[in-house]
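Please read the model below alongside the following walk through its helices, strands and aromatic rings.

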Amino acid sequence: MSDLKAPGFPEERVRTRARIGTADAFPDTRQYGTTLFGQYGEHAAAPVDAIDRARLVPPVFVPLRMEKLFDLGREPVAGDVDLTATVGGFRSALPAYVSAFGSTRVASGDLGLAVARQAGRLGIPMVIGENIVPVSGYGRMADESESSLLGRITEYTCAVPDGLGGVVVQQSTEDADAEVWNLVYTDPAAQPLLESGRLAFELKVGQGAKPGVGGMTLVPRERGTELAAQYDVMDVCGPDSDAVLRCSSPGTFTEEVLRQQIRLMRNNYPRCRVWVKLPPTRDVDRAAAVAWGAGADAVTVDGAEGGTGWAPRAFLDHVGVPLAECLDLVDAGDSCLLVTGRIWEGARAVKCLTLGASAVGLGRAALTAADEDPENGLVAFVECLALEMRLLISSLGKYQVGQLSSEDIWVNGRAPREHPSDVG
């Protein structure tokens with residue numbers, strides 16, 4: 001284990017799950033027979049947002065359970081819940097994916113490779129963040145960092161089962177200059193993914209940690225000099241620091257620019273899925289509609305609670321629309337909406353699915369779990385997440401992810417407002 005920290009995030013709970021897996025879905029077994037259990041037990045976290053405060057609401061009458069009973073010839077149980085899902089055009093073992101970490105140093109080296117290996121074993125999609133190539137290289141040169149994009153693709157591809165998962169390569173303004181998508185699309189190492197329909201490119205419009213500004217990382221002063229031609233390099237760390245701040249451009253978008261970018265992606269890379277990553281903005285509903293209308297296979301919305309990279313304190317605490325409100329704004333209909341923002345346990349994940357998401361992204365949770373155990377931590381963590389999701393979905397009288405809807409959740413003591421597509 002490294003010295004990785006995640007302030008404000010339930011880091012220790014995630015680390016416990018990475019160690020003991022599904023056992024963490026229940027109280028400590030040593031308390032069985034001696035403790036009375038009820039709401040707000042010893043490990044209960046205080047509600048942080050409207051999603052945490054919302055309640056999943058099972059019914060008495062469960063017609064879909066009756067259908068499943070006839071199907072099976074016996075009473076259905078939680079293990080009969082089918083968690084397989086389509087995530088941005090990929091078949092996934094459950095409605096989850098590993099979200100992008102950007103060029104943050106936390107995900108460099110062995111940790112980034114450990115996440116890639118385990119995400120592959122799990123059969124869930126993995127997004128590789130922007131700015132890796134301009135900062136760490138692609139991976140073809142001997143002196144390039146082992147955190148390179150090619151290294152993560154290779155680790156994932158070697159581990160993923162046939163027919164599951166997929167790799168999503170993100171690109172931002174500076175990445176376009178480095179021709180990241182061209183590098184990946186023509187690389188022999190990516191051909192197995194292309195041939196099996198498991199490669200996507202994601203246009204990064206923004207992120208949850210710092211909507212409205214580009215990615216930021218600290219780099220050594222001499223490296224900052226090299227990067228100054230591509231980035232805004234700011235000396236803000238004080239005279240005693242050897243680090244400087246490397247800032248990316250957020251990009252300039254209008255509705256037509258976004259449409260044209262997506263059309264170019266579909267035209268230039270016809271064998272790839274197209275994803276679009278949106279920040280939690282006041283017009284996120286319009287941006288999502290434009291992206292889907294232009295042919296995007298998936299839209300990812302980072303709630304204001306999301307983020308793994310370096311960001312100004314003012315942005316972390318005061319900028320961006322919370323995930324609950326993003327879900328209320330965006331009407332996905334039959335389109336694929338992917339969301340991130342403090343996802344680490346089954347209840348929050350299932351609540352997001354009832355509110356219109358197709359799948360949830362694991363950012364800090366994935367990194368923390370792999371940091372706790374580089375060989376099996378993320379796998380054990382996701383197995384616990386999957387168990388909770390099966391138990392919760394079964395309690396709602398449903399047995400497929402796509403059957404979840406707004407009827408299954410109460411927000412502020414009532415059902416959430418209906419989107420037009422919910423009205424029959």
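Helix H17 (residues 377-395) has 19 residues and spans 28 Å from first C-alpha to last, close to the 27 Å expected at 1.5 Å a residue; the expected span is 1.5 Å times one less than the number of residues. Helices (H or I, at least four residues) and strands (E, at least two) are DSSP runs numbered from the N terminus. Just after H17, Gly-397 has a positive phi of about 75 degrees.

This is a predicted model, in which local features need pLDDT of at least 70 and side-chain atom pairs 80 or more, while totals for chains, interfaces and linings use all residues. Residues are numbered from 1 along each chain as its sequence is written, and side-chain values use heavy atoms, without hydrogens and water.

Next, a sheet. Three strands form an open antiparallel sheet in the order S8-S10-S9; strands pair if DSSP finds at least two bridges between them. Strands S8 (216-220) and S9 (232-234) are at the edges with a single partner strand each, so one side of each lacks a neighbour in the sheet. S9 and S10 (residues 243-247) pair over 3 bridges, and Val-233 stands opposite Arg-246 in S10. The charged end of Arg-246 also sits over the ring of Tyr-231, 4.4 Å from its centre (CZ of Arg or NZ of Lys within 6 Å of the ring centre and within 35 degrees of the ring normal).

Finally, the rings. The whole structure holds 7 aromatic pairs (centres of Phe, Tyr or six-membered Trp rings within 6.5 Å; planes under 30 degrees apart are stacked, over 60 edge-to-face, the rest tilted). Tyr-97 and Trp-275 pair edge-to-face, 6.0 Å centre to centre with 90 degrees between the planes. Tyr-97 is in strand S4 (residues 96-98) and Trp-275 in strand S11 (residues 273-278), so the pair ties together parts 178 residues apart in sequence.
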